Amino acid sequence: MTSWIVQDPMQPRRYIVRPRAAPPWPSAAAPGPARIIKRTPLGHYVVEMHPDSARRLVHAQPGVAIEYEQPLELFSMPGLPPRGPASGAYTRGILVSDATTGAPIPGVDVYGLDAGMAQRTQTNGKGHATVRAHAGILSEVVISPRHGYWSRVLRQLPMGVEGQTRVSLEPLPVHGDYSWGHRFMGFDQVNRRWKGRGVRVGIIDTGISTQEADVHPAGGLNTVSEAAPRSWNLDDEGHGTHCAGIVASLHDERGVRGGAPEAEIYSLKVFPGGQLSDLLEAVEWCIQHRIDVVTMSLGSVWPSRALTDAMGHGYARGITFIAAAGNHASRVAFPAANPWTIAVGAFGRHGTFPDDSAHVRQIGWNHDRSGQVFAAGFSNYGPEIDVCAPGVAILSTVPGGYAAWDGTSMACPLVTALVALILEASPSIRTGDWRQPHAVRQILRYASSDLGLPPLVQGHGVPFAPLALGGRTRLH
């Protein structure tokens, strides 16, 4: 495959190359400088060279697969406009404290939404932050704690007045119970028997922090740092740790419970700064290490032949790939749109978060028949959607504690946890070839119930764990 994108022909750039012959390549193929950045486990190369050199390589090796490197997007918390610099003549102080103890809360992100931009500041050690605006009223302020508390939204905040606005945050309900999403899908009905034993799950994300007592990854790889490939247990963004907790957080009297607490999870770190080749390397690692299920809460607007081929190879080896649809209320992102992938959309439910929290920003227009379940306003949609799952106000682990986050990123690992239970409960489908992910897809479709949302949003509906494992379910 050759996929060219118009760019400055004088500037070198990176390509993903699958050559027919190993380097060094013929000199006629690369008259300019060509630098090999890295080699993936199954024989792809990341090469920095001029476009003319890439064209010559194609002519020198007919049939060579080559495509541009491209950045990956982490499907992190949706709903905020683009971030801009803090500016404006009007100011207002915000004091953030614990609603139970009254103690100030440091390190809370405070976003002032003004003129289509989000200005970010943070509370200091005394819980104080200052927001700015270009007018006498700030339309919205989003107060987003890193962990431990529900978020808050303030609307129509007067600016340029004396004093400060006091905001109290309610602690999250983390007492060793399931998130509402796990209960909705029926994990609480099946986890006494099925826990994901013997199933290997690859979580391709920002890493999984081993500082948390609730998640215990068995290993992994850091694809974004050649100097530290074993530092897969570092997670500065918290996203991968949150996804890991949804899948496999321990069942105890603290924190929250995962859907497959005894699954063997592996951390494939591709962020920060992830590129397509990092995802490709992670997928190939999963193939080499006989991973059963791979979950990906990330994507790109551009498809990739190299990644599609690698995932097809993994599918043939028995891997079930599950990917988040994306958080832009647009078409389904890649690799969720890939035919080898189970694409997951997101929905929420009224009453599962405070009415003054930032989660209200995610309520979409489409509701189920009861009016209680809504399509998440951010969820990407299209004919590629296979199933949907809870993705608003999902409680899980993050470095330092627990947080309630939104996104198809949260819906994706819920389906991943269910697939782990299916593979444990149905050993006969574990053939280690294409029949295994094919059977998983069929079981998910059988176990899915129509929510009454548009098919492009919900796919076949939400899969229920008791149905998937051969029992009966009570609809929530």
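On a 1 Å grid over the protein atoms alone, a cavity is a set of points where a 1.4 Å probe fits but cannot get out, while a pocket is an open set with protein on both sides within 12 Å along at least five of seven lines; lining residues have an atom within 4 Å of a point. Grid points are joined across faces, edges and corners, and a volume is the space filled by probe spheres set on those points. The model is predicted, so to speak of local features takes a pLDDT of at least 70 and side-chain atom pairs count only at pLDDT 80 or more, whereas totals for chains, interfaces and linings use all residues. Residues are numbered from 1 along each chain as its sequence is written, and side-chain values use heavy atoms, with hydrogens and water left out.

Searching the whole structure turns up 1 cavity of 30 Å³ or more. The largest cavity has a volume of about 30 Å³, and its lining is made up of Ile-342, Asp-386, Val-387, Arg-441, Leu-444 and Arg-445. Strand 26 (385-390) and helix 8 are the elements giving two or more residues to that lining (helices are DSSP runs of H or I with at least four residues, strands runs of E with at least two, numbered from the N terminus). Helix 8 gives the most, with 3 residues. By class, the cavity lining splits into 3 nonpolar, no polar and 3 charged residues (Ala, Val, Leu, Ile, Met, Phe, Trp, Tyr, Cys and Pro count as nonpolar, Asp, Glu, Lys and Arg as charged, and the others, Gly among them, as polar).

Helix 8 (residues 435-446) also packs against helix 7 (residues 408-425), at an angle of about 115° and with the axes 11 Å apart (axes are lines fitted to C-alpha atoms, for helices over the stretch in contact, and angles run from 0 to 180 degrees between N-to-C directions).

Then there's the largest pocket, with about 890 Å³ of space. Its lining takes in 37 residues, and Met-77, Asp-109, Tyr-111, Ser-144 and Trp-405 lie nearest the centre. Strand 28 gives the most to this lining, with 3 residues. The class tally for the pocket lining is 20 nonpolar, 8 polar and 9 charged.

As for sheets, an open one of 5 strands runs in the order 7-10-9-12-13, with mixed pairing (two strands pair if DSSP finds at least two bridges between them). Strand 7 (83-84) and strand 13 (152-158) sit at the edges with a single partner strand each, so one side of each has no neighbour in the sheet.
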